[in-house]
Structures are given as C-alpha cells and as structure tokens.
Amino acid sequence: MSARSPWYVANWKMNLTPSAARVWCEALRAGLDRLQEPVPELGVAPPLIALDTVRQALRGSGVVIGAQNCHAEASGAFTGEVSAEMLADAACRFVLVGHSERRHLFGENDEEVGRKAAAAVRAGIEPLICVGEKEEQREAGQTPEVLSRQLDRALEYLLDLRSADLTLAYEPVWAIGTGRVADASQIEEAHAILRGKLVEIAGEKTARTTRILYGGSVTPQNAEKLAPIEGVDGFLIGGASLDAARFLQVACPRARC
Ligand code: PGA
C-alpha cells in the first residue's frame, strides 16, 4: 500500500476577488458537510489579497491554505514581493514554487525556483514544486532530461532534504489550461522519472513519502481515470478549481457533492 495519501490542491491563479473567495469557501463547506465519504485532503492557493478571507472562511474545515509564489529572501527592499516568512505568519502551510506560468510568463529560472523552495522550507512551509516539459521538448524526446534538471536545481539549496516536507507536481506545460490532458503512459513515465530522481538525491525514505501530484486540465470528468495512474498522489487543479463544487468533485468523483 502507498505510504502517501492523495492531496488535491486548488490553484486559483489570478482569479476570484476576496468577496468571490468567501462565496467559494461557503460552497466548499456546504459540499464537505454533504459528503458521505471520508473528507479528502484539500489545499487551496488563493491570490494573496484573498488569503485572509479564505483563512477565516475555512477555519476548522481541515482545508489547508497556501500561496502561489514567494520571494527567496526573508525581507528587504523588494517592492511588491512577499516572503515565505510572511506567508507562514499568515497561516500558509504550503507555497507553489516554479509553476510554469512563473517560469514562462515571468522569466523565473531553475536557480530562483531552488532558492524559493529553500526559503519556504526555512520558513517552515512546504514547497509544492512544479516541474514540466514544454511541447517541443517532449517532441524532441527531452522530457526525462528536462524533468531531472528541473528537480535537481529545485532541490539544490535544500540543506536537509531527508527531513524536509515537500510535494512535487508534474505539470506538462502543454496540458495547462489547454484542455489537453497527458495520457496515462506519459504521466506514469514522468512520475517514475521524478521518483527515481528523488531516490538519487534525497534517499529512499523521502522518495517513498513525497507526494507527486499531476496537474494540467484536470476536471471532474477526467479525474476518475487519472487518479488510479501509478505514481499519481493527487492533483493540482487550475481552471476546474474556480468552482468549489467542481473542485470537490475532482477529489471525490463518485460523491454527489
Ligand atoms: P489547469 O491548471 O487545471 O487550468 O490546467 C493547472 C495549473 O496550472 O496548476
């Protein structure tokens, strides 16, 4: 049996105002109350401006909150940025690091991803490290090399890998927000590459206990097929997470949420 329980994380990206976030949380709580099966492990990463609203509205629900990004430094003259320490103080339990939109729209490189992951661990919050190949890299047969390099660099600054809590998300860039989902063999292969690499750099135990989520056009319609794929420990959900009922249906496809 797997030592890992699945985790379902909503990444709202730059969507939902604080008022809309409150409505979302109420709908999620109503769905959770109606659930006739064990409550799954859920996380939500709202925009920073809605963080406190979400924290209050989900208090006591067991849903953990996180952020979509952080700066690598603890404090300083970095106008517009937020540090992992600040997120920890605002009750964040995890932070996305290296999301493909950060990498490709905001020019974040592997080195910054690694420094941010280390900053999160230093602040006591779990980095949810996203990796994934672009379509042209997949077509050129470079997926294993891209994933290995991204993971290597993302873990480079973590001093005590064996005791750090972290989660990975395999998110092929071509599947994010496109409606195109990677197929089972692509997902299985990518997750196996990442787990093999984890064994190499962090040891068997960390590799066995670290969750690897899949992300990229996950919906309630395809979640049931994706969940049993070997090595998939949950999902990072963008578009489909903007509706609380759909988010919950991804986590419990059979429940009438
Ligand atoms: P998507 O986004 O579910 O809308 O494809 C996933 C993500 O970017 O994490």
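I take helices (H or I, at least four residues) and strands (E, at least two) as DSSP runs, numbered from the N terminus.

**Basis.** I note that this is a predicted model, in which local features need pLDDT of at least 70, side-chain atom pairs count only at pLDDT 80 or more, and totals for chains, interfaces and linings use all residues. Residues are numbered from 1 along each chain as its sequence is written, and side-chain values use heavy atoms, with hydrogens and water left out.

**Helix α5.** I counted 14 residues in α5 and a reach of 20 Å from first C-alpha to last, close to the 20 Å expected at 1.5 Å a residue. The expected span is 1.5 Å times one less than the number of residues. I looked up its buried residues (under 20% relative accessible area, 1.4 Å probe, protein chains only); among them are D110, V113, G114 and K116. Their cover includes α3 (84-89), β4 (94-97), α4, β5 and α7.

**Helix α7.** I then turned to α7, residues 143-154, whose 12 residues reach 16 Å, close to the expected 16 Å. Its buried residues include T143, V146 and L147. I found α5 (110-123), β6 (167-170) and α8 (184-202) among the elements that cover them.

**Helix α8.** The end C-alpha atoms of α8 are 26 Å apart, which agrees with the 27 Å that its 19 residues should span at 1.5 Å a residue. I listed I187, H191 and L194 among its buried residues. Just after α8, G203 takes a positive phi of about 95°.

**Nonpolar cores.** I define such a core as buried Ala, Val, Leu, Ile, Met, Phe, Trp, Tyr and Cys residues joined through side-chain atoms within 4.5 Å. The largest has 70 residues, and W24, L28 and V54 are among those with the most contacts inside it. Leaving aside neighbours within four places in sequence, I found V54 in contact with W12, A21, C25, V44, P46 and I65; contact means heavy atoms within 4.5 Å. A second, separate core of 11 residues includes V64, L96, L128 and L213.

For G238, a backbone N or O atom lies 2.9 Å from an oxygen atom of the ligand.

How values were computed
Buried < 20%, exposed > 50% of the residue type's maximum accessible area, 1.4 Å probe, protein only. Polar contact = N/O pair within 3.5 Å; in protein donor to acceptor, adjacent residues only side chain to side chain.
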